[in-house]
Amino acid sequence: MKKIALIMDGWKRFFTYAWPAGILQRLRETGEAANLYIFNSSGDWSRDNDYNIGEYNIYRLPDLNDFDGIILDLNNIRYEDVRDNVIKAAKKTGKPVISIANEIEDFYYVGINNYKAIQEMIAHMHECHHCRRFWFIMGPEDNYENRVRVNALKDYMRGHNIPYGESSFYYESFEYQCGCNGFDTMFGRFGGTIPEAVICANDNIAVGVCEAAARRGYRVPEDFLVSGFDNFDKACFYSPHLTTVGHIREEVGYRCADIFIRLWNGQSVPRFNLFGSNSPQLCCVTN
């Protein structure tokens, strides 16, 4: 019986269901005899360091040498030493390791094609809604997915001769408050003028932008457009609905399980395994 370890941090309801669901779906399809062991911390939910250290101790429980495959989602771990220790422990096993949405040396990568998806989003705003004045309110500068999305946005702007500067970008986190802080900061930075569209790194940020704009008397989409990323429930249920990038999150787990099965059977697997997204037009509601 094979054993798979899934190590992740800070995800609530949906992700803790979606990724295991995808893994188990692929195992059932192939009849592969494997058990999934989940080590999920809540170490980034609190500002209490002692509490967080206690949460992260869950990563000390497994002996990763006992597993035949290891899946890591370390994007939300707040403490660099915790993240480094998990990476070192996984590498020492010599077993196949998959990193979700974060490029880590020597590990396989599974994730959405961030570059293509965010370029489709800005192309939609530019070509369909004729926007040329943008603000970009993004996640942490050192986050892998965020960096890919930023590079894609800059490449699109350069490729279509749309003027921009570093002042057009605001970086903070993937949380709601980033959208609020980002809009207020950019509003002051640009002398109280607003853009035609605000591209946000995710839906949480997009909602924060809408709320901060409303406090200043602006409405979306009447005064400017806002886009998110992830197609969380809030994108659909928030008023106004958010233009967003959607992807099937179960696909992440499905791909991970498929990689392990192929490796266990002696097949070769590319290091980078990207999958697509739903077109932003399909998720777009602008009034």
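**Salt bridges in a predicted model**

Q: Which residue meets Asp106 in a salt bridge?
A: In this predicted model, local features need pLDDT of at least 70 and side-chain atom pairs count only at pLDDT 80 or more, while totals for chains, interfaces and linings use all residues. Residues are numbered from 1 along each chain as its sequence is written, and side-chain values use heavy atoms, leaving out hydrogens and water. A salt bridge here is a side-chain nitrogen of Lys or Arg within 4 Å of a carboxyl oxygen of Asp or Glu. At 3.7 Å, N to O, the side chain that meets Asp106 is that of Lys91.

Q: How many residues apart in sequence are the parts that Asp106 and Lys91 tie together?
A: Helices (H or I, at least four residues) and strands (E, at least two) are DSSP runs, numbered from the N terminus. Asp106 sits in the loop between β4 (97-100) and β5 (108-112), and Lys91 in helix α3 (residues 80-93), so the parts tied together are apart by 15 residues.

Q: Is Asp106 buried or exposed?
A: Buried means under 20% relative accessible area, exposed over 50%, and partly exposed in between (1.4 Å probe, protein chains only). Its partner Lys91 is partly exposed at 35%. With a relative accessible area of 59%, Asp106 is exposed.

Q: What is the N to O distance between Arg271 and Glu103?
A: Arg271 is partly exposed at 32% relative accessibility, and Glu103 is partly exposed at 38%. Their side chains meet in a salt bridge, N to O, at 3.7 Å.

Q: How many salt bridges does a search of the whole structure find?
A: Another pair is Arg158 with Asp155, whose closest N and O atoms are 2.4 Å apart. Across the whole structure, the number of salt bridges found is 11.
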